[in-house]
Amino acid sequence: MKFNKDIKNNICFLVSTFDEREKFLSPFFYFYKKFIGSELRVYLAKGDNHFSCDEDVDIKQLNFSLPRSNRNLGLCSSWGKRLKLAIEQIKRDGFSYTVFTCDDGWIRYLDADRFSILLEMMKKYDCDRIQLIETSPGYILEKIDECASLISTSSDVPWYLNHQTSIWRTDSLYNVINQNDCATESEMIGSKRCKDLNYKFLVLNRPLILSSGVNHSVDGLYDYGKEMLKEFCCEKGLSYFKYYKKFRISISNKIVNDIKSLIIKIIRKLNHVRHK
């Protein structure tokens with residue numbers, strides 16, 4: 001894609017990952033290059049290991065040596081600290097808007113015409129975040145116009161903040177992230193922060209980007225994620241079955257960690273009630 005100078009100077013991508021999840025990155029950047037191209041800067045917030053990308057993409061790797069656990073409770077607090085430090089670098093580099101996504105957000109569709117006017121959309125709606133993919137109808141508060149709808153901030157919508165592919169005002173994203181958050185805590189507690197800050201969130205009525213969400217399926221990948229992985233492996237001359245096996249292990253570990261985090265949260269809440 002060809003972008004005008006205003007977009008290239010004001011919009012960047014931010015991808016969050018960990019060293020042990022590098023298997024997600026090669027497919028991510030393969031599809032990123034296929035749909036987005038190489039003109040926009042991508043900040044890759046990760047751990048110690050250097051990622052070698054085969055694609056011609058403008059990547060600025062931000063490697064942070066941070067602990068993976070939070071008070072030895074199994075919570076990934078380095079996620080929030082890593083993200084906070086990455087956004088500080090983005091702010092120093094002068095990008096006012098950031099498309100934030102996670103390493104499993106492989107792009108499988110892009111509305112190129114509307115992507116080219118993202119900056120205009122952010123200014124037009126004067127909002128803190130526009131979600132670029134679909135959202136549940138229950139999250140919609142009101143339709144603004146033919147392009148976008150306001151996401152409800154009511155208490156009935158607990159997941160007001162999520163990490164689906166979205167364009168943010170860089171300052172707003174920075175302010176809502178707590179350096180002690182793990183990814184799950186950030187969505188839950190961060191939703192309250194956003195409401196307290198009176199952040200305005202919109203969602204496009206037609207998705208601008210479709211991403212695979214390959215990390216959300218118990219058996220490893222959704223069907224379309226599997227098809228994308230097959231395309232990537234075929235293009236790169238890799239064994240699909242060997243590569244897919246890596247995902248099965250990674251997804252299983254994530255499920256275990258998520259369950260552990262949930263149990264810890266319940267114990268914390270019970271202890272808090274007892275001490276009242």
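Which residues of the largest nonpolar core touch the most other members? In this predicted model, that core holds 47 residues, and those with the most contacts to other members are Phe29, Tyr32, Ile36, Phe115, Ile130, Leu132 and Ile167. Helix 2, which spans residues 25–35, supplies the largest share of the core, namely six residues.

Aromatic pairs number 16 across the whole structure. One of them joins Phe13 and Tyr32, whose ring centres lie 5.0 Å apart with the planes at 85 degrees, so that the pair is edge-to-face. Because Phe13 belongs to strand 1 (residues 11–16) and Tyr32 to helix 2, this pair ties together parts that are 19 residues apart in sequence. Both partners are buried, Phe13 at 2% relative accessibility and Tyr32 with a relative accessible area of 1%. Tyr32 also pairs with Phe29, and here the centres are 6.3 Å apart and the planes at 70 degrees, so this arrangement is likewise edge-to-face. Phe29 and Tyr32 are three residues apart in helix 2, about one turn of the helix, and Phe29 is buried with a relative accessible area of 0%. Together with Phe3, Phe28, Phe51 and Phe115, the residues Phe13, Phe29 and Tyr32 form one aromatic cluster.

Charged side chains are also placed over aromatic faces: Lys91 lies over Tyr174, at 5.3 Å from the ring centre, and Arg129 lies over Phe201, at 4.9 Å from the ring centre.

Terms used
Residues are numbered from 1 along each chain as its sequence is written. This is a predicted model: local features need pLDDT of at least 70, side-chain atom pairs count only at pLDDT 80 or more; totals for chains, interfaces and linings use all residues. Side-chain values use heavy atoms; hydrogens and water are left out. A nonpolar core is a set of buried Ala, Val, Leu, Ile, Met, Phe, Trp, Tyr and Cys residues joined through side-chain atoms within 4.5 Å. Buried means under 20% relative accessible area, exposed over 50%, partly exposed in between (1.4 Å probe, protein chains only). Helices (H or I, at least four residues) and strands (E, at least two) are DSSP runs, numbered from the N terminus. Rings of Phe, Tyr and Trp (its six-membered ring) pair if their centres lie within 6.5 Å; planes under 30 degrees apart count as stacked, over 60 as edge-to-face and the rest as tilted. A charge sits over a ring if NZ of Lys or CZ of Arg is within 6 Å of the ring centre and within 35 degrees of the ring normal.
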